[in-house]
Amino acid sequence: MHLMYFTEQPMSAYDEQAGRDFGATALMFPNKHFDPVAGSRLYNNYIEQYMLAEEVGIDGIMLNEHHNAPFCMQAKANIFAAILAGMTKKTKIVMLGNPLPLAENPIRLAEELAMIDMISKGRLVSGFVRGGGQEQLATGVNPAFNRERFEEAHDLVVQAWTRPGPFRYEGTHYQHRVVNPWAVPLQKPYPRVWIPGVISKETIVWAAQQRYPYIALNTSIEQTKKIWELYDQVALQSGYVGGPENRGYLIQVHISDNEDKARENARQFRWMQGEFTGLAHPVWSTPSGYGSPTNRRAFVEFAAGRAINPRGNTSFEQQVEDLRIIYGTPKTVVAKLKRILEQTRPGILALWGNDGRVSQEDSLTCVRLMGQEVFPAIREIAKSLDLKSPFEANAPVHLKYSTDLKPAKAAAAE
Amino acid sequence: MAVDWASSTIEAGGTKLHVKRAGRGRPVLVLHHETGTLDDLPFYDALAANHAVIVPHHPGYSRSERPDWMRSVRDIAVVYRGLLSELKVARAALVGLGFGGWIAAEMATMAPADLSHLVLVGAMGIKPPQGDILDLAVTGYMDYARAAFHDQKAFDRVYGAEPSVDQLEMWDICREMSFRIAWKPYMYSQTLPHLLKSMRAPALIVWGDDDKVVPISAGKRYLESLPDAHLEIVRSCGHAVDMEQPEALAKLVTNFIGRE
């Protein structure tokens with residue numbers, strides 16, 4: 001089991017009322033509401049949380065990035081990854097991940113990641129994402145080619161890491177005269193790639209075809225099971241059997257030394273009015289061409305205010321009931337997490353520990369209890385359930401490095 | 001007066017186009033907005049009373065299928081040059097509405113001798129010297145469609161006060177195609193104003209006085225770039241002059257085309 005700490009790095013000092021008055025807290029919400037003095041303090045708070053995470057033995061620190069919104073202060077995940085590469089010694093730096101389509105030059109990205117891998121002495125996990133709709137608009141990238149750019153940029157990054165240069169790359173969206181980066185990763189064949197996601201079936205299928213672990217982001221137990229069903233089906237078609245080493249899960253969990261405080265702080269997981277990414281116009285979060293055409297009809301009805309969000313928007317109480325938000329003392333939290341582990345069998349688990357306006361003191365308490373009490377108990381449960389991480393299972397970095405592939409039929413028979 | 005329209009699928013350079021035709025007289029190619037087009041519009045009927053009107057649905061919009069290879073508005077202009085050649089239509093008048101105006105202008109630059117007249121109505125395609133073209137990408141479907149009208153009752157007449165889900169879905173499909181071919185720079189070409197200098201055919205530029213989609217400064221830039229052009233302002237009218245004041249626009253066009 002690989003166990004991680006995650007925070008969105010919330011810009012908690014923004015004026016919430018201003019967001020409500022404006023009617024949105026993303027993309028077009030004016031950046032005059034960003035306070036760089038608070039930003040400076042908060043960035044350093046997050047570094048303190050990460051350093052404590054390493055000190056209390058947490059296996060990995062999960063990083064991500066978003067743009068133009070208070071829910072996440074990281075505008076470039078590689079910056080924090082570079083900081084952690086230099087400041088920490090043991091913890092894995094797990095990027096979930098770099099939004100590939102936003103890269104105008106994937107070779108620069110490959111170079112940055114290679115540097116992070118070398119500086120950290122091989123502790124990089126280089127996850128990739130498509131980036132949300134708003135990220136495309138915030139960076140001026142065409143949403144209609146999002147998936148094409150994702151797959152092509154991935155191909156180029158992996159080639160830049162593994163294929164001896166110089167070579168020329170003539171793609172549909174990327175053309176490069178000379179690919180010959182001198183910074184290449186320390187880890188061979190290349191750093192592990194994990195793919196986080198929420199709803200897109202296409203991404204689950206793609207991840208399974210690559211044999212990259214898929215990290216389900218705060219989905220319900222039922223949704224998570226459906227994701228593994230699809231992943232495993234594609235795995236069999238690709239010649240291998242999916243297992244815990246292919247499965248990751250991120251869940252909102254706040255841990256405290258008393259239940260009441262835990263509950264109060266857990267409410268902060270809803271600080272963006274129930275939306276992960278803050279209030280936004282639907283056409284910002286799902287620009288035309290970004291989503292799957294099969295969802296088009298349901299989406300336009302929602303965007304025009306005639307139907308409820310097809311992604312759903314449930315109350316705090318319901319999310320607690322569904323085990324999508326967990327809070328409590330280490331003892332109660334472990335019992336709930338155990339149910340999730342038994343039912344969905346992941347080999348990678350990330351706890352999204354703190355959000356919104358949770359104080360630094362309470363955040364640090366959460367991280368400490370996570371590392372010192374919750375994770376040791378989870379490790380024991382994982383052992384009894386035989387939930388191995390990709391590291392423990394020594395899983396291949398990509399399908400093409402597999403040594404156990406079987407024809408689809410034989411794999412299915414196992 | 002009912003107009004007898006004939007619809008067909010015509011292949012131009014490997015691209016299948018849904019094309020509607022009606023009327024007799026001088027051939028007039030009418031190019032619709034980036035929001036696609038309804039099958040029937042009073043403006044099309046009014047024009048067909050005096051001219052041989054050809055209304056293609058742009059590739060990737062409304063009833064024409066999407067060619068995945070397309071990357072620019074100029075690609076559509078080339079396909080339409082192919083369409084006119086397929087139909088054996090020479091020296092057509094080109095009437096471009098909004099986004100269709102950009103396509104018409106590109107077509108004019110490709111074959112300056114092969115058009116009789118150019119009519120640009122609230123045309124995109126040129127960077128407005130003042131103001132910006134309204135951004136589809138950050139505007140909701142209804143807000144965007146309504147922004148094209150000065151009088152919201154005119155919108156209700158055309159689309160209904162609550163457009164159907166089919167219509168919303170079609171707007172999304174059209175949007176996706178606009179992103180594929182006009183994402184950056186958004187809805188204009190940096191070279192078009194220079195290329196327009198080779199135009200010889202007379203041009204009429206029409207703008208609604210309350211155009212909230214394309215600033216009128218773009219119309220003035222067209223006026224400067226085209227050697228033989230004049231500007232008409234339609235009062236109490238938004239961007240979609242064709243849908244808001246169809247009779248007035250048809251009259252302007254017919255007077256202009258018949259001027260020779």
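How many helices and strands does chain B have? In this predicted model, local features are described at pLDDT of at least 70 and side-chain atom pairs count only at pLDDT 80 or more, while totals for chains, interfaces and linings use all residues. Residues are numbered from 1 along each chain as its sequence is written, and chains are lettered from A and ligands numbered from 1 in the order in which they are written.

Chain B has ten helices and eight strands, where helices (H or I, at least four residues) and strands (E, at least two) are DSSP runs numbered from the N terminus. Its radius of gyration is 16 Å, close to the 18 Å that the globule rule gives for 260 residues, so chain B is as compact as a globular protein of that length. Here the radius is taken over C-alpha atoms, and the rule is 2.2 Å times the number of residues to the power 0.38. Along the principal axes, the C-alpha atoms of chain B fill a box of roughly 40 × 40 × 40 Å. Buried residues make up 51% of the 260 residues in chain B; a residue is buried if 20 or more other C-beta atoms, placed from the backbone, lie within 10 Å of its own. Of the contacts in chain B with a separation of 6 or more, 76% join residues 24 or more positions apart, a contact being two C-beta atoms, placed from the backbone, within 7 Å.

Turning to chain A, there are 15 helices and eleven strands. A compact globule of 414 residues would have a radius of gyration near 22 Å, and the 21 Å of chain A agrees. The C-alpha trace of chain A spans about 55 × 50 × 45 Å along its principal axes, and 48% of the 414 residues count as buried.

After helix 7 of chain A comes Arg211(A), with a positive phi near 65°.

Helix 8 of chain A also packs with helix 13 (residues 330-344) of chain A, their axes coming within 10 Å and crossing at roughly 30°. That makes helix 8 of chain A roughly parallel to helix 13 of chain A. In this contact, Ile221(A), Thr224(A), Lys225(A) and Trp228(A) of helix 8 meet Ile340(A), Gln343(A) and Thr344(A) of helix 13.

Between the chains, 18 residues of chain A are in contact with 15 residues of chain B. Helix 10 (282-285) and helix 11 (296-303) of chain A are the elements giving two or more residues to the side of chain A that touches chain B, and helix 11 of chain A gives the most, with five residues.

Definitions and conventions: Buried ≥ 20, exposed ≤ 12 C-beta atoms within 10 Å, placed from the backbone. Axes fitted to C-alpha atoms, helices over the stretch in contact; angles between N-to-C directions. Parallel < 35°, antiparallel > 145°, perpendicular 65-115°, else oblique.
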